[in-house]
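User: I'm new to reading protein models. Could you walk me through this one, feature by feature?

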Amino acid sequence: MAEDTHHLGAWRPWSPHEVARFLAPLAAPWWIAGGWAIDLFLGRQTREHEDTDVQVLRRDQYAVRALFGAWNMEAALPPPRDESWPFRPWGPDEVLDPAIHDIWCRPASTQPWALQLMIADTGGGKWVFRRTSRVTRPVAALGSVTADGIPYLAPEIQLLYKAKGRRPKDEADFMRALPMLDRVRRQWLWNALTIAHPHHPWLELLADG
């Protein structure tokens, strides 16, 4: 979520447990993403979360949209866009533009935003990183599930998404997750960063582990 978005409406982000209950009927994979994914990996909430991100696959967009029914679903437009309202409604049966990767969701336009859908692309049974198609991962290995059944995005993948912005919260999430990343996770993230962000300062920290 953009840092200065108060003019776009209030947020009352759902907790991961609320999201899991709502998405339980969905016959397609999904994962809690964003900062919550790091916290679910760590097994504890480490900070406040101003929103709740959920990753779904573009290939499953019809099933996802059908589950939300009459919700107000707003697709975040890529630049150039009208910053006063940088969205367009995502209606039932509408095919998403390939450039759209972010959907804001609320039960009605008069209610607070509840969650964001992050739309991921796939090919040949693999997730494809939107910033470079050279970084992929089998869909079956995109995440894990908590002891109480909440799917979440693998921390190394979530940190790859966070690497571009390097906001204070992203740096904090990386430093909290780093000691808990095993050799395989560290190596995957190091390899992905060398492709996507070859001069990223996280590379040195990952190599030291």
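Analyst: Let's start in a sheet: across from Glu74 you'll find Trp104, which belongs to E5. Helices (H or I, at least four residues) and strands (E, at least two) are DSSP runs numbered from the N terminus. Keep in mind that this is a predicted model, where local features need pLDDT of at least 70, side-chain atom pairs count only at pLDDT 80 or more, and totals for chains, interfaces and linings use all residues. Residues are numbered from 1 along each chain as its sequence is written, and side-chain values use heavy atoms, with hydrogens and water left out.

User: Which residue in E4 stands opposite Glu74?

Analyst: That's Pro89. Strands pair if DSSP finds at least two bridges between them. Here E3 runs antiparallel to E5 (residues 102-106), with 4 bridges, and antiparallel to E4, with 3 bridges.

User: How many residues of E3 are buried?

Analyst: First the scale: buried is under 20% relative accessible area, exposed is over 50%, and partly exposed is in between (1.4 Å probe, protein chains only). In E3 (residues 72-76), 5 of the 5 residues are buried. Look at both faces: one side has Asn72, Glu74 and Ala76, the other has Met73 and Ala75, and all of them are buried.

User: Is Phe87 buried or exposed?

Analyst: Phe87 has 7% relative accessibility, so it's buried. You'll find Phe87 in strand E4, which covers residues 87-89.

User: Where does the charged end of Arg137 sit?

Analyst: We say a charge sits over a ring if NZ of Lys or CZ of Arg is within 6 Å of the ring centre and within 35 degrees of the ring normal. Arg137 has its charged end over the ring of Trp188, 5.0 Å from the centre. Arg65 does this with Trp90, at 5.9 Å from the ring centre.

User: How many salt bridges does the count come to?

Analyst: A salt bridge puts a side-chain nitrogen of Lys or Arg within 4 Å of a carboxyl oxygen of Asp or Glu. The count is 13. One of these joins Glu50 and Lys169, at 2.3 Å from N to O. Glu50 is in the loop between helix H2 (34-42) and strand E2 (53-57) while Lys169 is in helix H5 (residues 168-177), so the bridge ties together parts 119 residues apart in sequence.

User: What about Arg58?

Analyst: Arg58 pairs with Asp121, with their closest N and O atoms 2.5 Å apart. Arg58 is in the loop between E2 and helix H3 (61-68) and Asp121 is in strand E6 (residues 115-123), so parts 63 residues apart in sequence are tied together. Arg58 is buried at 11%, whereas Asp121 is partly exposed at 23%.
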